[in-house]
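Reader: Please take a close look at the aromatic pairs and the core around them. Give me the cut-offs as you go.

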Amino acid sequence: MRRVRPGAAASRGGLTSVAAGDGYEEPKDLPRLWHITLSVSGARAPLSEVRRGLEQLAHDHPFLLTSRYADDHAEIRYWEEARDLHDAAAVALRLWGEHRQSAKLPPWEIVGLEVIDRATYHQRLAEGYGPPPATPVGVHPF
């Protein structure tokens, strides 16, 4: 005799789908993915220190896709999960400052921020005018 959880269909391995009903609506405040491009710049710093700091930032912030750097500026690209653009931008604007001490990043300032949703990112790529895909992933010189 085969046992099945009460209310489950025995003929399909014990699992069934339950309709959500006519009144069900998807919650509107679920997190979405946002593509972030953060640009920073400032006084010249040794390239080895900039690279090491960005590598540490990538270790501390696991969603970091790619960083490009020179001795006086850097660009960081990654995906952020947030409810809306405002939340994604707020997190992105804190990233450099919050990790500056722990990753020993140069004391540069944020000079640019782009936050776009996933659909816009993919649309730009398809039309050929968006940022190139973040490959190779990692920390690279300009």
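Author: Here is the close look, starting with the aromatic pairs. This is a predicted model: local features need pLDDT of at least 70, side-chain atom pairs count only at pLDDT 80 or more, and totals for chains, interfaces and linings use all residues. Residues are numbered from 1 along each chain as its sequence is written, and side-chain values use heavy atoms, without hydrogens and water.

The whole structure holds two aromatic pairs (rings of Phe, Tyr and Trp, taking the six-membered ring of Trp, with centres within 6.5 Å; planes under 30 degrees apart are stacked, over 60 edge-to-face, the rest tilted). Trp79 and Tyr121 are edge-to-face, at 5.0 Å centre to centre and 80° between the planes. Trp79 sits in strand 3 and Tyr121 in helix 3 (residues 118-127), so this pair ties together parts 42 residues apart in sequence (helices are DSSP runs of H or I, at least four residues; strands are runs of E, at least two; both are numbered from the N terminus). Both Trp79 and Tyr121 are buried (under 20% relative accessible area; exposed is over 50%, partly exposed in between; 1.4 Å probe, protein chains only).

Trp96 and Trp108 are stacked, because their ring centres are 6.2 Å apart and their planes at 5°. Trp96 lies in helix 2, and Trp108 in the loop between helix 2 and strand 4 (109-117). Trp96 is buried at 2% relative accessible area, Trp108 at 3%.

Now the core. Among the 24 residues of the largest nonpolar core, those touching the most other members include Trp96 and Trp108 (a core is a set of buried Ala, Val, Leu, Ile, Met, Phe, Trp, Tyr and Cys residues joined through side-chain atoms within 4.5 Å). Helix 2 gives the most to this core, with five residues.
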